[in-house]
Amino acid sequence: MVLFLEPEFKERIWGGTGLKAFNYDIPSDITGECWGISAHPNGPNKIKNGRHKGKTLDQVWLEDKALFGNPQTHTFPLLTKILDANDKLSVQVHPDDNYALKHEGEYGKTECWYILDAKEGAEIIYGVNTTDVDELNYLIDNGEFDQLFSRVKVRPGDFYYVPSGTVHAIGEGIQILETQQSSDTTYRIYDYDRTDKDGNQRALHLEQSKAVIHLNNSSPNSTPITKNIQGQRYTQFVSNKFFTVARWEILGELSYELSRDYELISIVEGRGTIDIDGEVYELVKGDHLILTIEDRNIVISGELTMITSYV
């Protein structure tokens, strides 16, 4: 059975109203995140249909393992978000699995970004301008962040792979779809001296950040692979032990064979239908769903763009 998910929203100091463009009824004008596919305890999605309607995804993962091919992991491994950066996000870094399990009690966070929208001249912070540990520590300790952070201009359709240990931040005026490990551990390096609604600055985590930042001589970004399948455009952005993430641009009809136990799908543009073993469901921008091991004969029709992911 296919699982359609009810989105969970997160208000953020940098959020706005841009998520309305995805047909969402957002809670406020500082809504920063839609957690579209999540079993994380900080925001699990409810199932909208079928025999598990009303349950949360983490419940279904534990109660109906056969639906996902009887995986051995206790934790649903992925989390899909849509972020609306009305203001710039803090500059941050995430730990890897080893560090996070030891210090935070959950997995680390490798993630990736598909740029959905970006205002003219918008930029992200992606990496640092040093490969020397002593220089890194000096620049952080002395607040020399203009010199430290590497900035990259972005456009809609761009993709960035952000492995754990990569210093990063989403800039103002950018919307992204983020696919990540199911983790909510973030270490802030710099937050522009902002204050919350109560006048308090958010906590920084400089020592933890220095302990987990990876210094590389080259960009960690991946090389997309694009091909035409049944006349539809398919682009694989990244494939590794954490996730495979791809984009389908469909104009017409795609007979879709699920060659894995389950797959996550987010509709980021357009509309259409999905026919699963003869049962037809509408698809619209902003929908999030999971195809499970019970879903074999699939036909997707319409004019739409979807981001897919799986482990």
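**Ground rules**

I number residues from 1 along each chain as its sequence is written. Because the model is predicted, I ask for pLDDT of at least 70 for local features and 80 or more for side-chain atom pairs, while totals for chains, interfaces and linings use all residues, and side-chain values use heavy atoms, with hydrogens and water left out.

**Entry 1: helix H3**

I started with helix H3, residues 133-141. Helices here are DSSP runs of H or I with at least four residues, strands are runs of E with at least two, and both are numbered from the N terminus.

Which residues of H3 are buried? I found Leu-136, Leu-139 and Ile-140. Looking down the axis of H3, I see these buried residues fall within an arc of 100°, so they line one face of the helix. The arc is taken from the directions from the helix axis to the C-beta atoms. A reminder to myself: an α-helix has 3.6 residues a turn, so residues three or four places apart point the same way.

On the other side of H3, I noted Asp-134 and Tyr-138 as exposed. Buried means under 20% relative accessible area, exposed means over 50%, and partly exposed is in between (1.4 Å probe, protein chains only).

What covers the buried residues of H3? The cover includes helix H4 (145-148) and helix H5 (206-212). I also looked up Glu-207, which is in helix H5 and is exposed at 54% relative accessible area. Glu-207 and Ile-140 are 67 residues apart in sequence, yet their C-alpha atoms are 9.6 Å apart in space.

Then I checked the ends. Asp-132 caps the N-terminal end of H3, with a side-chain oxygen 3.1 Å from the backbone nitrogen of Asp-134. Just after H3, Gly-143 has a positive phi of about 65°.

**Entry 2: aromatic rings**

How many aromatic pairs does a search of the whole structure find? It finds 20. Rings of Phe, Tyr and Trp (its six-membered ring) pair if their centres lie within 6.5 Å; planes under 30 degrees apart are stacked, over 60 edge-to-face, and the rest tilted.

I picked out Phe-9 and Tyr-24, an edge-to-face pair at 5.3 Å centre to centre with 65° between the planes. This pair links distant parts of the chain: Phe-9 is in strand E2 (residues 8-16) and Tyr-24 in the loop between E2 and strand E3 (31-37), 15 residues apart. Phe-9 is partly exposed at 22% relative accessibility, whereas Tyr-24 is buried at 10%.

Next came Phe-68 and Tyr-262, also edge-to-face, at 5.5 Å centre to centre with 90° between the planes. They sit 194 residues apart, Phe-68 in the loop between helix H1 (57-63) and strand E5 (78-85), Tyr-262 in the loop between strand E16 (244-257) and strand E17 (263-276). Phe-68 is buried at 1% relative accessible area, and Tyr-262 is buried at 10%. I then traced a cluster in which ring pairs link Trp-61, Phe-68, Phe-76 and Tyr-262.

I looked for charges over rings as well, meaning NZ of Lys or CZ of Arg within 6 Å of the ring centre and within 35 degrees of the ring normal. Lys-88 lies over the face of Tyr-192, 4.7 Å from the ring centre. The charged end of Lys-285 sits over the ring of Phe-22, 4.8 Å from its centre.

**Entry 3: loop residues**

Where is Asp-191? I found it in the loop between E13 and H5, buried at 4% relative accessible area. Its side chain makes polar contacts with the side chains of Arg-194 (2.7 Å) and Arg-202 (3.0 Å). A polar contact is a pair of N or O atoms within 3.5 Å; within protein, one must be able to donate a hydrogen and the other to accept it, and residues adjacent in sequence count only if both atoms are side-chain atoms. Leaving aside neighbours within four places in sequence, Asp-191 is in contact (heavy atoms within 4.5 Å) with Ser-90, Arg-202 and Leu-204.

Asp-193 has a positive phi of about 55° although it is not a glycine, and is exposed at 55% relative accessible area.
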